[in-house]
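Hi everyone, thanks for making the time. I'd like to walk you through a structure, so please have a look at the screen.

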Amino acid sequence: MGPWRWLAALSSLGAGEPLLEHLYLKFDSQPVDLQPKFSPTIAKYQAMLDWKMSRFAVRAGAQGDAVINNIFLCPKEGNCLKEQQQVALLAFTEAVPVEEGQIVLFAFDVMEAGVAKTYTLEVRRQRGSETALRHLIVMGGRLDPPWDSKIRKYDVALPRSFDTASVTAELGDGGQNMFATLSDRSGRRLEQEEKVVVAPRGRRLLHSGEFQYPTKDYVFPIPLDTTRAVDIRVTSADGSQKGYYALIITREGCPQERNIFDPLSKECVRFCATGFFANDMVGRCERCKTGCINCVGYRQCVQCPPDNRQYRFELPDYNNGTCVSTLRPFWEQHAEQTAAAGVSAFCILVFFAGLVGFACSSAQARPGVKLMMLRPGTNGGGGTSSDESDSSEEDPRWGGANRYA
């Protein structure tokens, strides 16, 4: 081996094996999950197409200077060794058609410096008649036996701290329909508030962790020390088949010495907290009626809220244990504003009273104002009065004597 070949071999060993940067599948714009989730070092994957997905396309990119070539597929049962069936593809942009129930093996090489790594994807399309779920859980509950899509009946032990059974199911095909009902031991269907949430389609991550299968969430109330049955009906994607699952959910009860369940602390207690009363019929603490601080029953209030700025509260004997609210007068509701208005009015009155007093005192302090308004020697009518004459004689402004005497 020449020195150049030794150098090329050493370079390839130092570079390591070529790897992918990303890999994911698509049906048009919809994602297709990979199992397992993509990792550059994992070379073999599986994918399941929904019944309505008649084709798929692969999107991939290599790391660094590596290139992708030798793209081919085996369309018969996904087994390239069974017969000569390899079909070469020129690019990932080509969509690969898949029939109902068909298995296709898609493969390609990633090459760099003479080293190649082969990635394979086994893609299967559903037939449309499947009624199996991919997964099912009960929040906080334990399924017995453990989940298996082929097993259709489970016993579920629910802790007493959970007031409701939250059932989350992942559909096996995006086209399946699912419906769930709640019933008691006798099979009688119960009225309940059912919450159904269908997860939207869309990618969660850029290159891996695609979200293909929708989930449905159901929330059912489960009383203490009670067994309820949740019946689940799954309709296949093509509508031709129906499948059923049964969940027998049993919620743990409270012990004899602490026989009341407190929804706030999620524990069994002997006495309820303030604002709650013990409902012996259901064995739990329930909230008092609105407007009541403490009670011994829903309509038996024993403590009203404290008076506030707007209302007074009282508990009259004639009202069957219900608090009565009385609207306060305006001046009690707005005491500060009322006091400020009163002080302002008083100040205004004092101000005007001061003005009047000042005017009166000024008039008394200037007695000669009236004489100055008259011409000397006249009284307004052509004559003079004795008072005015006397004043004129003594007034220094007239020379100290009567000039007309």
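**Cysteines, cores and a surface patch**

Let me start with Cys 288, which counts as buried because its relative accessibility is 7%. Please keep in mind that what you see is a predicted model.

What is Cys 288 joined to? Its disulfide partner is Cys 295, with an S to S distance of 2.0 Å. Cys 295 is also at 7% relative accessibility, and therefore counts as buried. The torsion about the S-S bond of Cys 288 and Cys 295 is about -90°, so this disulfide is left-handed.

How many disulfides are there? The count comes to five, taking a disulfide as a pair of cysteine sulfur atoms within 2.5 Å. I'll show you two others.

One of them links Cys 272 with Cys 285, S to S 2.1 Å. Is the disulfide of Cys 272 and Cys 285 left-handed or right-handed? The torsion about its S-S bond is about -90°, so it is left-handed. Where do the two cysteines sit? Cys 272 is in the loop between β20 (267-269) and β21 (276-279), while Cys 285 belongs to strand β22 (residues 284-287), so the pair ties together parts that are 13 residues apart in sequence. As for burial, Cys 285 has a relative accessible area of 2% and is buried. Cys 272, with 22% relative accessibility, counts as partly exposed.

Cys 292 is buried at a relative accessible area of 14%, and Cys 301 counts as buried at 8%.

Now to the strands. Look for an open sheet of four strands, ordered β2-β1-β4-β7, with antiparallel pairing. Which strands are at the edges? They are β2 (30-32) and β7 (96-97), each of which pairs on one side only. If you zoom in on Phe 56, you'll find its bridge partner in β7, and that is Val 96.

Phe 56 turns up again in the core. The largest nonpolar core has 29 residues, and Phe 56 is among those with the most contacts inside it, along with Leu 23, Leu 25, Phe 106, Phe 108 and Leu 121. Which elements give two or more residues to this core? They are β1 (20-27), β3 (44-49), β4 (55-62), β5 (67-74), β8 (103-112) and β9 (115-125). There is also a second, separate core of 25 residues, and it includes Leu 136, Leu 171, Tyr 218 and Phe 220.

Last stop, the surface. Ile 348, Phe 351, Phe 352 and Leu 355 make up a nonpolar patch there, with about 420 Å² of accessible area together. Ile 348 is found in helix α3 (residues 335-364), and it counts as partly exposed, at 47% relative accessibility.

Definitions and conventions:
Residues are numbered from 1 along each chain as its sequence is written. This is a predicted model: local features need pLDDT of at least 70, side-chain atom pairs count only at pLDDT 80 or more; totals for chains, interfaces and linings use all residues. Side-chain values use heavy atoms; hydrogens and water are left out. Patches are made of residues with over 30% relative accessible area and no salt bridge: like charges are joined within 9 Å, nonpolar side chains (Val, Leu, Ile, Met, Phe, Trp, Tyr) within 5 Å. Accessible areas come from the Shrake-Rupley method with a 1.4 Å probe; for residues, only the protein chains shown count as cover. A salt bridge is a side-chain nitrogen of Lys or Arg within 4 Å of a carboxyl oxygen of Asp or Glu. Buried means under 20% relative accessible area, exposed over 50%, partly exposed in between (1.4 Å probe, protein chains only). A nonpolar core is a set of buried Ala, Val, Leu, Ile, Met, Phe, Trp, Tyr and Cys residues joined through side-chain atoms within 4.5 Å. Two strands pair if DSSP finds at least two bridges between them.
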